[in-house]
Structure formats: structure tokens, C-alpha cells
Amino acid sequence: MSADDAVRADDPVETDDPVADGPAADEAAADAVQADDPVEPDDPVTDDPVADEAAADAESPAPAEGQAEEAPPEPPSEEELPILTVRETVIFPGAMLPITVGRPSSIALVQSMGENRLLAVVSQLDPRVETPRPEDLYPVGTVCVLHKALRVPKENLLLFCEGISRVRTGRFTATEPFLRAQVERIPDVEPPITPEVEALKQNVQGLFQQIVAAAPNLSEDLSTTANQIAEAGRLADFVAGNVPGLSPPERQRLLDMADGGQRLNDLHRFLTRELELLELRGRIQSQVQGQLSQSQREFYLREQLKAIQKELGEGDEATRESDELRKKLEAAGMTEEVKAEAMRELNRLARLSPASPEYGVARSYLEWMANLPWSNSSGSQVDVKRAAAILDEDHYDLEKVKERILDYLAVLQLRPVLKGPILCFVGPPGVGKTSLGKSIARALGRKFARISMGGMHDEAEIRGHRRTYIGALPGQIIQALRRAAVNDPVFMLDEVDKLGRDFRGDPASALLEVLDPEQNSTFRDNYLDVPFDLSKVLFITTANVLDPVPDALRDRMEIISLEGYTEHEKVIIAFRYLVPRQTRENGLDGEGDIVFSEEAVRFLIRLYTREAGVRSLEREIGTICRKQARRIAEGTREKIQVTPELVEKDLGPPRFRTDTEVAERTRFPGVAVGLAWTPVGGDVLFIEAGRMPGGSKGLIMTGQLGPVMQESVQAALTWVRANATRYGIDPDMFKTSDIHIHVPAGAIPKDGPSAGITMAAALVSMLSGRPVRANLAMTGEITLTGQVLPVGGIKEKVLAAKRSGVVEVILPHENEVNVREDLKTEQIGDMKIHYVKTMEEVVELALEKK
């Protein structure tokens, strides 16, 4: 590295020894440019003997022109030298480099030097080590001559060292107060002059010349000096010491190489990479300057356009936009508070230049404010009779839901300023929750808006983003109202039980303000930052289950349950709604192309769809319609009668077993049928019990049973063991046998207490050899004393039993009121329901006589 680089910011310097700014350091840097200039009287030379001697040597006059310069004394091949440790600094032979030192060991090394001004400069492996030991140093360093030592602020020394030759450290003879070691000089191996070496030298010189030309902090004299060096090794050392892009490990790698040709070859790769980086940096800088120039040009042209428009008496585009926004804001019907904020932002927009980044943000905000329905309402008159007719036309049954909606409409007809209630429809998929919301909007004569809450994690989806963020927008509530263009739509929030929650906030908490009639009249979106009245909106939420909904949110809603449909209801719904819709959507004529028989629809319901709603039923009907559409498209246009045989031909084998499945599976002792509640409706649950003689594990439970269900198994087993003799069971059997309880469909997790009496019935059946009666199912929680406690989901469970062909159901006595209030006579049909209080009654009703 040349002396010109002594003050370059990118030169590696010991990081724990900062060079202080000041006159001393500046003058020292000036001396580093010409190390052999005579020292001026006011030079800040150190007052120690070594520094004075170094300064005197530096002040000695240069040899006359033509006279050979006296070479420094050649050290022997092996000798003991002090070791100066440096951080991230590599000195190449022939280079003059200033080094700032401040560690006590380095200062002690400089002060101990006498006439022998030779020292070995070795770089540390890890620059973070404060007190390096011999194992912390690279094995190869550089023998240097200390020409001058200057004092600089903060008690540091500035050393001017000239590299002489490579050196390899051997045995360290001292570590205090500084390192000393036996060193061995590494002779420089110069490659033979061949065309390849000459070509490589020229390439390196050319690359270095391009780098010097591209780097603003490198002097042009460096490339001139490099072109005058003939030896390959010296050229590699000179260029490596002056090129700015090499990292300290890369410089150390070049220092480790004694072969000049190898150094030159590796340096060629480094220079090629550095030149590419410099060219890329230059292209980026040119692009930035071009963009700035383009922006300035646009600014001048825009100012000229303004002047021309002013002379022609025309307003500029920004003024026209401002006037149009002002007219829209005046006609929006805002409150005084909102209007004042909008006008303040509009006046700010008028002062901004269209080229300003804030101009687009302010303009988008004002467009949102102008397009929101601040005072635009539906204005339709409420007609209760017409609303009832529309609800009956769109939905079959759902009497409770219809009555609650008509009650609200009747009050709204008498008192138009009534705040809207918050209705929550809860039920399995496919029972008509979303379509019911659309029917309510049609019955009210209002617009219908809907957003899905499923998977929503960010609170900003409800309240919006603040305008300080790039790409900020209002929340989904305000966006939906803008699309609806009225401030009193029927607004459906779908799937509120599937809201997420993470570090971005809790959307359920944000909904508390939206769904509270006492608060939503002043709902404040983060983007708008002004109050918006939501009290006129009729909010309807939907959910499959209520458990995930927070209590505070549930408290703000009126819960209306929509349970599943019976087979009879599904048949009516299919012929009234599903078949006409699917024939129409698939391009068929309901009278001339396809006709569904009632037998085929019942066949579909029983063997292809086992669900609480009618979504899968409609999907299967649509599949049959598409098959007929394909036959017509292929040229076979004839009216088709859909029969069970055609259903099986078009849809394949039945997906579910026949209604005799329950009877078939309970033919053997130890199998009982329970009833379970799921988020998608009720279902039947088979409980199997088995005994293994000679076992030692006691009770085994399989089928992915949850902790509550496992406790029910243990309670049932305890009751059975306590009452074993009553049912002819040998009590000693439990000591010599393993009991295994299994619930099929093991891939599905199961939990809950309602299978307790079913577990006990299966155990008694297995141990006594009495099978459970065919087509009988049960549900209820058991206690250790044999009491049967009530459970939930009675309607869903009874409907599931009806779908599965069960003819008798055992329920807890306290659930009789649920059957009487929630189930209709046609839903129960000819099914017989037994109400029990004790487990003895269950065993008497459920098990066959011995």
C-alpha cells in the first residue's frame, strides 16, 4: 500500500486503537505521504529515544540523483524479533503503512527498540481478542523497518513501517511485556518469464488501471507505478496493498504465498470481482442521477405548464381535482366534525405539489371520505306481511328464526330509529345460515354486505391501518359499506368462530366495538380517524360452534340455533329449492330433460349424504344434472327419470352403509351404540368392549379418546365391578383378565362425558354375554353410583339417530324438556324415546334377556 493511502477511511486500522483527530494526526498523515522528507522543527516527534532516533533517520537527506540508496540492513535467515500484533491489517513487502497503536504491550515494544529498528508485524486471527497470545496470530507476517513514531492524542502512537520481506514465526521466546519470537524469512519465488506470465501481468495491470479510474479515492499515480513494475511478485504485492476491495483474510492469503506467479493468479480473480462491483456501483449511481434529473425535468415542465394554463385562463389539473373533491365532500352529508377534518385535509392537499409522495396519500384519503355513505340510507318501508312471505318463500321450516326476525321488523315498523340487534346464527354447515341473511336483506328491502372472518388474524382487517403506513386502507367494515353505498345494509360477519389471534392483534376484541349498539354509533376506523355511525346497520354473525367465541363477544349477540334437518325436511327442501336451482345452473329444462323421483332423493340422502345440512345433497344432485347435460351434449337428448339405479350408476357405489348397520354391528355382545355431537351435526358412535384372559395390563383404551372420555370409561368400569354379581358376572374375572375398550374411527379425536352409559352398557354386555338390542342408541353421563346425568346436543343426537335407522333411544330423564321444546313430532316420527334416571334402567332397557 502506498503512502498516499495513509488517511483513507477504508484502510484497515486497529479497531481498539482509534486515531484521534487533531493537528498531530493530520501532520503525521502528511509525513506519511513522503516518509523520507526532512522533519520540520515543529513536527510532533516522540520524546522517547526510539522515536527520536526514528525521527532523526527520517530527517536524513535523500541520496543524490544517480547515487544508490543505502539498503536497510539484511536480517539473518533466522533471528529473534519483537512481534507487533495488529487487527485486520496486512503489510506487504515494499509498502509503507501508518499504524496506530495504543495497547500497553505495543507501546512497550516501540519504547524498547534501540538501533535495530526491525520488527515483525503479524495480524490476529480474531480481531476481537484484546490480549493476543501466540496461538491467536497468523503464522506468516512481514518484517518491517520502523521509520518514525509519533505521539498522537489519547496516548497512542502513530508508527510508519515499511515492509521488507515475508517472515514465518517460530518459537516464541517471550510474552511479556510484549511478544518476541524466532522468525524465519521466506524468500520470494519469482516465476520464470513466459508468455503466460507476461499476459497475466498485463491483465493485472489493466484491471488495476480500470479500478483506479473507477475509484474516486485512488490516485492516478498508482496505476503508473504498477505499469513500471516488472517482477510478478512485486507487482502482486503492490497491487494487493493498494486495491481497496480486498478483505483482511484475502490479503493474508496473498501474504502467505511465496510464489509470485500464484499470488498474481489469485490477485487476478480478486481484481476481476472488484471491477465488477465497481461497475455495478457506477451503474446504480448513474440510474439514481438519471432519475433525479428526470424528476427535475418534470418539475420544470410542470411549472411551465402552470404558467401556460394561467395565461390561457385555465386551472391546472391539481386545482380541478381539488374542486371536484370539494363538491363531493359538500354533497356527502357528513357531520360537522367529519366535514371539518375533511376540509382541513383538502386545504393541505391544495398546498402540496402533485409530485410530492404525500399528495397521493392525501388524495386517496379524501376520495374515501367523499365516497362513503354518510347519510345515504335504503329508505324502504317495512312491510311485515311481505317480509314473512319472502322468508317462507326462501326457506323451509326455521320457524323460530323467522319469528324472531318478524318481531324485530314489527318493532322497526313502529319505531324507525330502533337500533339494530346483533343476531348470531349457530349451526352445522349447510343449514342455510348465509342464505338466511340474504333473505332478511330482501325482506327488509336493504342491500346485503358480507365479509368472511375465517382465518382473520390482523386487527387492522377490522379497524383499518393508519395512514402512516405505505398502502394503508380502511378496514373491511368500511370497505363493505362503501361497496354497499348505504349506511343501513344487512351486514353478515361469516364464521366468527374461526377468528385467529397472534402478535398483530385480536380481531375478536376489535369486533366488540362494532357489535355493541351503544358504541358503534361512533365507530372510528384507524384510516379515516373520524367517527362513522354503524348503529343503523343490521349485523348478523354466523358460527358453527360457540365455544371458540370469546365470552365478551358472545354477550353482545342474540344466539339463534339452526339445527339439522330430518330426512322428510331434506326431501321437501330438495324438491322446492335444490333440484330447480341445479337444473337451471346446469342448463337443463326441469320438465323436459330430467325429473327426480322421491325414491331417488331419499336414496341419495340415506346412502350418499350423511350430514345435518343439505350442502352435500345439493352437490350430489348437481353431479347427476351434469351427467345428464353431458348426455345431451353428446346427442342423446331424451327426458330421463332419476331412479336409485341411475343414482348408483352416475355416483358409483353408496358411500355409507344401509340403515341396518346399527343392527348388524350390535349382534355380538360387547357392542353398544352411542350418540355424539359434532360441529357439523350429530353422529352415531359405536363402543366395543373386549376381555382377554390372563392379562396383566388391566384397562386398555384405544380410538383416540380424550381425557374426559377416558374418565368416563374408568367410571363405567368401576360401576360394573361394583355391581358385577347383580348381572351374573364373576368378580374374580377382573383379577385375571384385561379389559379393552375401543371406539372405531380411530383417526378422529373423541372426547366428552356423554358416552358414559354407553361404555357401561357395552361392558355389561360383554361380561354377561347379553348383546345390546338391535337399532337402539343411548347417550348420558354416568356417575360412580350409577346415576344418569343430562347432556347437551339432544336435538342433533336424536336427528343423527333418526338418519342412522335407530328406532329406540335412551336419554337422561332431565333431557325430556329438550326433546319437548326443540324437536317436532314429525322429526321424531315413530322413534321411541326412553327417559332414565339410573344405570339399572339402562341395562334393563338396552340388553337382551339372557
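These are my notebook entries on a predicted model of one protein chain.

**Overall make-up**

I began with the totals. The chain has 850 residues, and 48% of them are buried. I found 29 helices and 24 strands in the chain. I then looked at contacts between residues at least 6 apart in sequence; 73% of these join residues at least 24 apart.

**Nonpolar cores**

I looked up the largest nonpolar core, which holds 54 residues. Which of its members touch the most others? They are Phe425, Ile440, Phe596, Ile621 and Val647. Apart from this core I noted another one of 53 residues, which includes Leu325, Leu346, Leu546 and Leu553. As background, nonpolar side chains in soluble globular proteins tend to be buried together.

I took Val647 for a closer look. Setting aside neighbours within four places in sequence, I listed its contacts as Ala600, Phe603, Leu604, Tyr608, Ile624, Val642 and Gly652.

**Rings and charges**

I counted six aromatic pairs. One of them is Phe491 with Phe539, with 5.5 Å between the ring centres and 35° between the planes, and I recorded it as tilted. The two residues are 48 apart in the chain: Phe491 belongs to strand 9 (residues 490-494) and Phe539 to strand 12 (residues 538-543). Are these two residues buried or exposed? Both Phe491 and Phe539 are buried.

I also checked for charges over rings. Arg467 has its charged end over the ring of Tyr365, at 3.8 Å from the ring centre. Arg482 has its charged end over the ring of Trp368, and here the distance to the centre is 4.1 Å.

**Strands 1, 5 and 6**

I went through the pairing of strand 6 (residues 179-186). Strand 1 (residues 78-86) runs antiparallel to strand 6, and six bridges join them. In this pairing Pro82 is opposite Arg180 of strand 6. Strand 5 (residues 156-174) is also antiparallel to strand 6, again with six bridges. Here Arg166 is opposite Ile186 of strand 6. How many residues lie between strand 5 and strand 6 in their hairpin? I count four.

**Strands 18 and 19**

Strand 18 (residues 699-702) pairs with strand 19 (residues 737-742) in the parallel sense, over four bridges. Met701 has Ile741 of strand 19 as its bridge partner.

**Two single residues**

I looked up Pro98, which is in strand 2 (residues 96-101). Why does Pro98 count as buried? Its relative accessibility is 17%, and the cut-off for buried is under 20%.

Lys802 counts as partly exposed because its relative accessibility is 30%, a value between the limits of 20% and 50%. Beyond its neighbours within four places in sequence, Lys802 is in contact with Gln827, Ile828, Gly829, Asp830 and Met831. I also recorded a separation of 8.3 Å between the C-alpha atoms of Lys802 and Glu567, which are 235 residues apart along the chain.

Technical notes:
Residues numbered from 1 in each chain as written. Predicted model: local features only at pLDDT ≥ 70, side-chain atom pairs only at ≥ 80, totals over all residues. Heavy atoms only, no water. Core = buried A, V, L, I, M, F, W, Y, C linked by side-chain atoms within 4.5 Å. Buried < 20%, exposed > 50% of the residue type's maximum accessible area, 1.4 Å probe, protein only. Contact = heavy atoms within 4.5 Å. Phe/Tyr/Trp six-rings, centres within 6.5 Å; stacked < 30°, edge-to-face > 60°. Lys NZ or Arg CZ within 6 Å of the ring centre and 35° of its normal. Pairing = 2+ DSSP bridges.
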